[in-house]
Amino acid sequence: MKKIFISAVAVLGFATAAMAFEQGVDANEDGVLSFDEMVAAYPELTQETFTAIDTDQDGTISAEEWTVAKELGILK
Ligand SMILES: [Ca+2]
Ligand SMILES: [Ca+2]
C-alpha cells in the first residue's frame, strides 16, 4: 500500500500542470468537489469512500485529492 501511495505521489508531481476535474464534475465551478457533486459523478460513492478520498478532511475533494483517488483506482 505504501509503495502504491508513493508512486501516486510521483505521478502527481509530473501531472500538476494538467490537473483538473473532468468536465462538468465540478458543477458550481468553485474548484473543489462537494459530496453531492461527487455522488452526481459517481452514484455508487459512499460517505465512507468520500471521507477516504478527502485526505485533508476539509469536507471537499480538491484536484489533488481527485487525482490521487484516480491514480489509486478508487475513482474510475
Ligand atoms: Ca464544486
Ligand atoms: Ca479535501
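Q: Where does Glu 29 lie?
A: Glu 29 sits in the loop between H1 and H2. Helices here are DSSP runs of H or I with at least four residues, strands are runs of E with at least two, and both are numbered from the N terminus.

Q: Is Glu 29 buried or exposed?
A: Glu 29 is exposed, because 8 other C-beta atoms lie within 10 Å. The cut-offs: buried is 20 or more other C-beta atoms within 10 Å of the residue's own, exposed is 12 or fewer, and partly exposed is in between, with C-beta atoms placed from the backbone.

Q: What about phi of Glu 29?
A: Phi of Glu 29 is near 50 degrees, a positive value in a residue other than glycine. Most residues other than glycine have a negative phi.

Q: Back up a bit. What kind of model is this, and how are things numbered?
A: This is a predicted model: local features need pLDDT of at least 70, side-chain atom pairs count only at pLDDT 80 or more, and totals for chains, interfaces and linings use all residues. Residues are numbered from 1 along each chain as its sequence is written, while chains are lettered from A and ligands numbered from 1 in the order in which they are written.

Q: What is the mean pLDDT?
A: The mean is 85, and 75% of the residues reach 70 or more. pLDDT is the predictor's confidence in each residue, from 0 to 100.

Q: Where is confidence lowest, and where is it highest?
A: Lowest in helix H1 (residues 2–15), at a mean of 60. Highest in helix H3 (residues 47–53), at 97. Where pLDDT is low, the predicted coordinates should not be read in detail.

Q: How many helices and strands are there?
A: Four helices and zero strands. Along the sequence the pattern reads α-α-α-α.

Q: How much of the protein is buried?
A: Of the 76 residues, 14% count as buried.

Q: Which residues make up the largest nonpolar core?
A: Nine residues: Leu 33, Met 38, Phe 50, Ile 53, Ile 61, Trp 66, Val 68, Ala 69 and Leu 75. H3 and helix H4 (63–72) are the elements that give two or more residues to this core. H4 has the largest share, three residues. A nonpolar core is a set of buried Ala, Val, Leu, Ile, Met, Phe, Trp, Tyr and Cys residues joined through C-beta atoms within 7 Å.

Q: What does Ile 53 touch?
A: Ile 53 touches Ile 61, Glu 65, Ala 69 and Ile 74, leaving out residues up to four places away in sequence. Contact means that two C-beta atoms, placed from the backbone, lie within 7 Å.

Q: New topic: where is Glu 37?
A: Glu 37 is in helix H2 (residues 35–41). Glu 37 is partly exposed, because 19 other C-beta atoms lie within 10 Å. Apart from neighbours within four places in sequence, Glu 37 is in contact with Val 25, Asp 26 and Ala 27.
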